[in-house]
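Here is a short tour of a two-chain model, written to be read with the structure open beside you. Let's walk through it together.

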Amino acid sequence: MSPDYGRTELMAVVMARSFRDGEVVVMGAVPALPLAACRLARALHAPGLSYIVGGSGTVNPAPAALPLSSCDPDLAPAPCTLPLPDVVLLEGRGDALDVFCAGGLQIDAYGNCNLIAVGDWARPKLRGPGTVGLPFLPAVRRSLLYTAAHTPRTFVERVDFVSGPGHPSGPGEERAYRQEGPSLVVTPLATMDFDPGSRRMRLATVHPGVGVADVQAATGFELVLPPSVPETPAPTEEELAALRRLDPTGVLQD
Amino acid sequence: MPAERLSAEEAVARFVSPGSVVGVGGMHMTAAPMALVRELVRARCRVGRLVTSPSASLQADLLIGAGLVDELVSPYVGFEHLGLAPCFRRAVEEGRLRVLECDEGSLTHALYAGAGGLPFVPCPPGIDLTGIPQVNPELFRQVEDPFTGESRWAVRALRPDVMLLACREADEEGNVAFGRFPFTDRLMALASRRLVVQVERLVGSAELAAHAPGTTLPAFLVSAVVLAPGGCRPTAAPGDYRADEDELRAYLEAAREPQGFEAYVARTAAGAAR
C-alpha cells in the first residue's frame with residue numbers, strides 16, 4: 001500500500017515531534033521544512049515554541065504559504081522582527097536559543113557539518129555556498145541536522161572541512177562547550193541520534209518501507225546499530241491535516 | 001551635511017575607487033543594490049576586496065563573474081532554493097578568487113568593531129571548533145584573554161571604504177529609511193567610510209519619519225543618494241516588489257558557462273541606468 005504522505009512531510013512531522021514547548025528554534029536558508037515543523041509543533045503540542053527564520057530575523061512568522069527563501073517578503077507580517085545583528089548576538093550568548101536546525105553538503109559520523117568545500121579548501125572539487133551561522137552550533141543547546149540527500153556523498157566518515165561543529169571525535173578531546181551538540185538527524189530514509197559513549201551517529205528509526213540495510217547502504221560510514229530499530233511512526237491524521245493547512249501550496253509534497 | 005543626489009554612474013565614479021574595499025548590502029535574494037552593482041560591472045570598476053552581508057546572491061556573483069573581484073569576504077554566496085552561485089563556484093574551483101573565509105558571527109562582530117573604532121574583537125563562540133580561522137590568517141589571529149589567560153580567536157575589524165546599499169526611501173537631505181528588514185545592512189553602513197544608497201523613491205522628511213521610525217540612517221553618513229526605482233530587481237524590495245525568480249533562474253542557467261554569463265551581462269548591465 002502506498003503511503004498517503006510524502007517523505008518530506010514525514011520529515012516535517014518527525015522534526016515537529018522533537019520540539020518541546022517553550023523552546024526557541026533558529027533556522028537558516030531554505031527554511032520551508034524547519035518552518036513547517038515549528039508551526040506544526042506550535043499547532044499541536046508546543047504552543048509556546050518560538051522560532052526565528054534565518055536572515056529575515058522574523059520571529060514566529062505565519063505566512064499563508066511556506067516561503068522558499070528565508071528573506072521572502074511574505075515573512076514580513078511577523079509579530080516581531082529582530083535585526084539580523086541581534087540574532088547573531090543571541091546565537092553567541094548561548095542561553096537564548098535551544099535548537100539550531102542545520103544541514104550540510106557533508107555530514108559526518110560525529111555530526112560535523114560542511115557547507116564550505118568538498119575536497120581541498122584551497123582548490124575544492126565543489127565549492128559550497130559558505131557556512132553562515134553554523135559555527136554557532138556548539139553554542140546553542142542542541143542542534144537538529146536534516147538533509148534531503150541521504151547518500152554516501154553526503155554522509156561521510158569525516159567532513160572535508162568542519163564548518164558546523166558536531167560532537168568530539170575522541171574520548172580525550174576536551175571542549176569548553178557544555179551544550180548537547182547534535183541530538184537528532186532527520187533524512188528521507190531514517191532518523192539518527194548519537195551513541196552516548198562513542199558520540200558516533202546511531203540509527204534510531206527507519207521510515208515506513210525502508211530497511212536498516214537500505215539506510216546503511218546510503219550512508220558512507222558505519223552507523224551504530226542498536227539491537228532493534230523501530231519504524232518511524234507515520235504521521236497521524238491530525239498531524240497530516242495540520243501540516244497541510246500550513247502548506248496549502250504543497251511545498252513539502254514530493 | 002546633505003547627501004548628494006547623483007546618478008548611479010556619477011555616484012560610482014565619484015565614490016568607488018578602483019581596487020578599494022567595497023561593501024554590498026542585501027540578504028539572500030532581497031534588497032540587493034543591483035542598480036549600483038550593475039554600474040560597477042558596466043564601468044569595469046575593479047573591487048580590491050568585496051565584503052558582503054552574511055548571505056549574498058547575485059550582487060556578489062555578478063561582480064565575481066565579471067572578473068572584477070580580487071578578494072572576497074562573505075559567509076555565503078548562493079541562491080537558496082534556486083541553487084549554488086555559478087560564478088563564485090567556478091572562480092574558487094579554478095583558483096581565480098581569493099576567499100577570506102568567515103562566518104556570520106565573526107563578520108557581524110568585525111563590523112561592530114569597525115563601526116565602533118575597535119581594531120579587532122574576540123570571536124563569538126564556536127568558530128574555534130571549525131577550520132575557518134586556520135585558513136584565514138588575514139582576518140583571524142589567536143589572542144590571550146587578559147582576564148583568564150586563555151587563548152581564543154580574534155577577528156580584525158572590517159571597515160569598507162564604501163558601502164553600496166539599497167534602501168526604500170530617502171528625503172531631500174539624504175536621510176534614508178530601510179524597508180521592513182534592515183538585515184545587517186544598517187550595521188555595514190555604520191562600519192563603512194562612505195555610503196552610496198540607491199532608493200526606490202524620494203519622500204518628504206515627515207513622511208520618512210512616519211514610515212520608519214528608528215530604522216533610518218542620517219544624511220551626514222550618506223555620501224550619495226541614487227534614485228533607482230526597481231533597482232533591486234531581480235532581487236526583492238520588501239513592500240515594493242518580490243524577487244523575480246524567472247529572471248534569477250535565467251541568470252543561473254546563463255551563468256553556467258562563461259559565454260552565457262557574458263551574454264547575460266551584455267543584456268542587463270551594459271545599459272545600466274546612467
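This is a predicted model: local features need pLDDT of at least 70, side-chain atom pairs count only at pLDDT 80 or more; totals for chains, interfaces and linings use all residues.

## Before we start

Two residues are in contact if their C-beta atoms, placed from the backbone, lie within 7 Å.

Residues are numbered from 1 along each chain as its sequence is written, and chains are lettered from A and ligands numbered from 1 in the order in which they are written.

## Chain A as a whole

Chain A has five helices and 14 strands; helices (H or I, at least four residues) and strands (E, at least two) are DSSP runs, numbered from the N terminus. The radius of gyration of chain A is 18 Å, close to the 18 Å that the globule rule gives for 254 residues, so chain A is as compact as a globular protein of that length. Here the radius is taken over C-alpha atoms, and the rule is 2.2 Å times the number of residues to the power 0.38.

Along the principal axes, the C-alpha atoms of chain A fill a box of roughly 50 × 45 × 35 Å.

Chain A holds an open sheet of nine strands with mixed pairing, in the order β4-β3-β2-β1-β5-β10-β12-β13-β14; two strands pair if DSSP finds at least two bridges between them. Its edge strands are β4 (80-81) and β14 (201-206), each pairing on one side only. β3 (residues 58-59) of chain A runs antiparallel to β4(A), joined by two bridges, and A:Val59 stands opposite A:Cys80.

α2(A) lies across β1 (24-27), β2 (50-53), β5 (99-102) and β10 of chain A, at about 165 degrees to β1(A). Axes are lines fitted to C-alpha atoms, for helices over the stretch in contact, and angles run from 0 to 180 degrees between N-to-C directions.

## A buried loop residue

Where does A:Thr147 sit? This residue is found in the loop between β10 (142-146) and β11 (155-156) of chain A. A:Thr147 counts as buried because it has 21 C-beta neighbours inside 10 Å. Not counting residues up to four places away in sequence, A:Thr147 touches A:Gly103, A:Ile107, A:Thr154 and A:Thr187.

## Where the chains meet

The contact takes 44 residues from chain B and 38 residues from chain A. On the side of chain B that touches chain A, α4 (86-93), α5 (104-116), α6 (132-135) and α7 (185-191) of chain B each give two or more residues. α4(B) gives the most, with four residues.

## Inside chain B

Nine of the nine residues of helix α2 (residues 34-42) of chain B are buried, so this helix is largely enclosed by the rest of the structure. Among them are B:Met34, B:Arg38 and B:Glu39. After α2(B) comes B:Arg44, whose phi is positive, near 55 degrees.

Elsewhere, five bridges join β7 (residues 140-144) and β8 (residues 151-156) of chain B, which run antiparallel. B:Glu144 stands opposite B:Ser151 in β8(B). This hairpin has six residues between the strands, and B:Gly149 takes a positive phi near 80 degrees there.

Key:
A residue is buried if 20 or more other C-beta atoms lie within 10 Å of its own, exposed if 12 or fewer, and partly exposed in between; C-beta atoms are placed from the backbone.
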